[in-house]
Amino acid sequence: MALLNVTKLTKNFGGVKAVTDVDLEVEENTITGIIGPNGAGKTTFFNLLTGIYKPSSGDIIYHINGDVTSRMLRPQKMTKYGIARTFQNIRLFKEMTVTDNVLLGYHCNLSYGVFPSVLRLPSYFREEKKAMEKAHELLKIFHLYDKRDEKAKNLSYGDQRKVEIARAMAADPKILLLDEPAAGMNPNETKELTKLIKWVQEEFQLTIILIEHDMSLVMKLCDKIFVFDYGHLIAEGDPESIQCNEQVLKAYLGGDYVAEAK
Amino acid sequence: MEQIIQQLINGVSLGSIYALIALGYTMVYGIINLINFAHGDVLMIGAYIGFALTGIFGFSFFPALITSMVACGILGMVIEKVAYKPLRGASRISNLITAIAVSLFLQYGMMYFVGPESRTYKEVLPSSQINVMGTGAVIDIKSFYIIGITVMLMIILMYITNRTKIGKSMRALSQDKDAAELMGINVNKTISYTFFIGSALAGAAGVLIGVYYSTLNPLMGATPGLKAFVSAVIGGIGIIPGAVFGGFFLGLIETLVSSIGGSLYKDAVAFLILILVLLIKPTGLMGYKEQEKV
Amino acid sequence: MKELISRNNIIKSVMVLAVYLLVYLMMCTGIIDSYIFLNIVSIGINIILAVSLNLITGFTGQLSLGHAAFMSIGAYASGILTAKLGLPFIVGILGAALAAALAGILIGVPTLRLKGDYLAIATLGFGEIIRIVGLNWKYIGGAMGLNDIPRYTNWTWLFGIIVLTVVVISNFLSSYNGRAVISIKEDEIASTSMGVNTNYYKVLVFTIGALFAGIAGALYANYFYFIRPDSFGFMKSVDILVIVVLGGLGSIRGSILSAIALSLVSLSLQGIPELRMVIYAVILFIMMVYKPQRILEPIRKLVKKEA
């Protein structure tokens with residue numbers, strides 16, 4: 001069952017054609033990879049999927065608890081729809097503690113309001129307790145429990161990335177969008193991350209879409225891969241077929257090189 | 001009909017003064033992202049210098065104007081070096097408060113030395129009423145002097161920013177500080193020159209205000225300063241043509257409001273326009289839209 | 001309910017009560033005379049103003065240069081209700097709170113799209129508009145201001161409202177609302193993506209901050225007998241901002257300590273009227289360059305341990 005349908009999606013910024021005529025389908029409970037050279041439009045694509053940009057033309061439809069179309073997409077509604085994301089340049093709340101960062105991810109599930117907060121009514125204690133339990137649970141899964149009272153800015157890059165993912169998980173999403181999760185990580189951290197993403201997907205029965213440059217992670221994790229270049233979708237398929245795809249090689253390595261290799 | 005011409009010329013001369021002051025604000029903001037609250041008080045010091053030169057030392061108008069401009073230019077450079085440079089990396093709020101501190105220092109320091117009373121400028125500009133081309137409108141010739149001088153100064157400024165090396169450095173710096181530095185532009189020197197030019201213009205405005213309105217007091221810079229700042233924002237802060245446009249725009253509107261009997265509220269009108277502009281097009285009527293990369 | 005009766009809360013309540021009784025006794029026995037009490041009122045009002053501004057600027061990151069305007073609205077509201085309409089103080093206070101809160105919404109909504117300097121300028125503009133309107137409105141006295149406001153502010157009212165302000169705002173901040181507003185300051189895009197309704201929260205903190213500033217205004221009006229629009233101008237807004245910055249953006253305890261410290265500094269300068277502002281300006285500058293927040297930090301940590 002396709003969880004996400006993208007039809008002829010196009011985004012132009014004035015004269016710049018960032019994304020052109022993209023047709024895409026993502027199946028439930030799969031890990032989908034989006035790859036392509038820098039500037040290919042991948043992050044713009046994500047921003048379109050999460051309502052940060054409005055499409056110039058084309059459609060996005062999520063099939064989660066009813067249909068969510070691109071017209072309904074607004075960044076702050078995403079978690080309510082069941083879609084959470086991380087960012088290319090880790091956007092953590094640097095001065096907040098790790099726990100508070102994760103608790104913020106849980107924000108959309110809290111609703112006890114201003115007066116109960118201020119008057120410390122029972123609903124405040126009840127919901128905060130639930131939220132804290134959930135946060136601790138996630139922190140333990142991500143091996144961050146012992147760092148829970150540290151300010152986010154003091155953590156290592158790899159740990160910060162994990163906090164960002166944990167924060168996204170706290171929103172209880174059905175779809176997780178990861179923008180270059182392995183960026184800036186060394187091979188060891190990348191291996192750990194790969195295992196973690198696989199585990200999270202199975203444990204929580206998630207659908208994951210990730211943008212990545214690290215091919216070891218992509219090839220190991222992804223059930224299906226889509227390749228972008230200059231805003232166009234130039235190839236799609238499983239890891240093996242993408243690796244041999246001539247268009248893909250041309251996009252990454254340049255036309256002449258491919259001809260030589262032949 | 002005569003009313004309209006009179007108000008028009010009044011508006012343009014007021015506007016040209018605002019434009020002159022606004023240029024200083026906008027150049028400084030464009031280059032170091034600082035709202036220089038002390039700018040209006042440099043104007044005040046310029047007015048006092050002019051007052052002293054003409055009243056005590058018997059200078060005539062133009063020498064007094066030039067000397068005051070140079071003196072204010074130097075004052076601006078000193079303020080930058082002493083107060084703003086140490087805080088260049090600091091937070092926006094710290095810079096803001098520092099600028100306010102400098103403003104207070106100038107205002108009340110001046111008040112301590114010369115006392116809070118208002119003084120009167122010596123008449124150094126011819127002050128005859130002339131008939132405008134036989135239309136029956138009666139304008140003080142001073143207005144034309146003001147318009148003429150400010151326009152001349154603006155032309156000189158345009159020449160400097162577009163044709164000289166220092167002007168190019170200023171433009172480069174306001175676009176991208178790091179790139180400018182890598183290209184070998186002396187950042188400190190460029191910033192100093194920017195302050196010199198902006199403050200010199202403020203000094204000129206101070207003398208012109210003193211000559212036109214005849215009175216001066218230590219707190220005289222606050223209101224014109226704030227209004228000129230509003231002009232700069234209306235036109236688009238950081239954009240030089242924007243400051244000129246904003247200045248004339250505000251001058252004309254203010255004169256218009258005064259002429260239809262709303263002189264008590266004319267200051268409020270300025271802020272109202274400011275807020276409208278900020279709500280509709282925050283980067284100013286001549287500014288371009290900024291988009292944050294996600 | 002039982003979560004409220006914690007050891008921490010009991011200690012805090014006892015200490016608060018102790019401070020209240022101590023000052024009350026000192027007033028009864030005349031140790032604190034009317035001059036000292038005047039200073040206490042000034043300090044108390046500054047505490048309320050600083051804490052309420054900190055919510056907006058320090059915690060939520062919305063730079064506001066017009067906070068004194070809220071105080072002004074509250075002062076005039078209470079002044080009119082108590083002096084012109086002869087109503088009791090509680091009505092004055094509630095009226096002040098309501099009027100100022102409405103002003104908070106009025107400023108918060110249009111400025112939602114503005115950030116940083118632009119927001120600061122807009123708030124400055126609003127503050128000036130309020131001041132100029134006040135100067136020209138005959139009913140409330142115009143430039144002459146409002147006179148003969150009954151003195152209702154006493155130690156009980158003052159202390160009670162300070163405690164209320166601190167408790168309400170602290171409780172707000174240590175809830176999911178607090179996390180939300182801090183996240184807005186830290187990274188608005190990430191905050192929005194996580195489901196935080198940033199527009200709602202920005203207007204909310206302006207409203208809450210304005211509300212308490214308005215109450216502070218009421219306390220001011222009903223103590224100092226008369227008010228003028230110029231008492232609540234841009235300089236007053238700057239004064240409050242300076243207190244917040246010195247105490248540390250994002251620290252309630254810091255705001256309280258800083259309000260006390262800076263009020264005392266200001267009072268000690270009363271003796272030299274000519275150079276007072278010049279010295280104030282120099283102190284401001286030194287503060288910004290040498291960042292005495294670092295000095296206040298260890299003191300804050302000490303007070304934290306005590307509490």
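Visitor: Where does Asn33(B) lie, and between which elements?

Guide: Asn33(B) sits in the loop between α1 and α2 (39-55) of chain B. Those elements are DSSP runs, numbered from the N terminus: helices are H or I with at least four residues, strands are E with at least two. Residues are numbered from 1 along each chain as its sequence is written, while chains are lettered from A and ligands numbered from 1 in the order in which they are written. This is a predicted model, where local features need pLDDT of at least 70, side-chain atom pairs count only at pLDDT 80 or more, and totals for chains, interfaces and linings use all residues.

Visitor: Why is Asn33(B) called partly exposed?

Guide: Count C-beta atoms, placed from the backbone: 20 or more others within 10 Å means buried, 12 or fewer means exposed, and partly exposed is in between. Asn33(B) has 15 C-beta neighbours inside 10 Å, so it counts as partly exposed. Its phi is near 55°, a positive value in a residue other than glycine.

Visitor: What makes Gln205(A) exposed?

Guide: Gln205(A) has 10 other C-beta atoms within 10 Å, so it is exposed. The residue is in the loop between α7 (187-204) and β8 (207-211) of chain A. Gln205(A) is not a glycine, yet it has a positive phi of about 55°.

Visitor: How do you know whether Tyr62(A) is buried or exposed?

Guide: With 26 other C-beta atoms within 10 Å, Tyr62(A) is buried. Its place is strand β4 (residues 57-63) of chain A. Leave aside its neighbours within four places in sequence, and Tyr62(A) contacts Leu3(A), Leu4(A), Asp67(A), Val68(A), Tyr81(A) and Ile83(A). Contact means C-beta atoms, placed from the backbone, within 7 Å.

Visitor: And what does the count say for Phe13(A), buried or exposed?

Guide: Phe13(A) has 12 C-beta neighbours inside 10 Å, so it counts as exposed. Phe13(A) is in strand β1 (residues 2-13) of chain A. Ser56(A) is 43 residues apart from Phe13(A) in sequence, but 8.8 Å apart in space, C-alpha to C-alpha.

Visitor: How do you know that the buried residues of α6(B) line one face?

Guide: Helix α6 (residues 165-175) of chain B has these buried residues: Ser169(B), Met170(B), Leu173(B) and Ser174(B). Seen down the axis of α6(B), they fall within an arc of 130°, so they line one face of the helix. The arc is that of the directions from the helix axis to the C-beta atoms. The face turned away carries the exposed residues Lys165(B) and Gln175(B). The buried residues of α6(B) pack against α1 (2-32), α5 (141-163), α7 (177-182) and α8 (187-213) of chain B.

Visitor: Why are α5(B) and α8(B) called roughly antiparallel?

Guide: Axes are lines fitted to C-alpha atoms, for helices over the stretch in contact, and angles run from 0 to 180 degrees between N-to-C directions. Under 35 degrees counts as roughly parallel, over 145 as roughly antiparallel, 65 to 115 as roughly perpendicular, and the rest as oblique. The axes of α5(B) and α8(B) come within 11 Å and cross at roughly 175°. The pair is therefore roughly antiparallel. The contact of α5(B) with α8(B) divides into eleven nonpolar, no polar and one charged residue. Nonpolar means Ala, Val, Leu, Ile, Met, Phe, Trp, Tyr, Cys and Pro; charged means Asp, Glu, Lys and Arg; the others, Gly among them, are polar.

Visitor: What makes α10(B) oblique to α11(B)?

Guide: The axes of helix α10 (residues 240-262) and helix α11 (residues 266-280) of chain B come within 9 Å and cross at roughly 135°. That makes α10(B) oblique to α11(B). By class, their contact has six nonpolar, two polar and two charged residues.

Visitor: Which element gives the largest share of the side of chain C that touches chain B?

Guide: That contact takes 30 residues from chain C and 29 residues from chain B. The largest share of the chain C side, twelve residues, comes from α5(C). By class, that side has 24 nonpolar, three polar and three charged residues.

Visitor: And which element leads on the side of chain C that touches chain A?

Guide: Here the contact takes 22 residues from chain C and 28 residues from chain A. The largest share of the chain C side, seven residues, comes from α7(C). That side has ten nonpolar, eight polar and four charged residues.

Notes:
Two residues are in contact if their C-beta atoms, placed from the backbone, lie within 7 Å.
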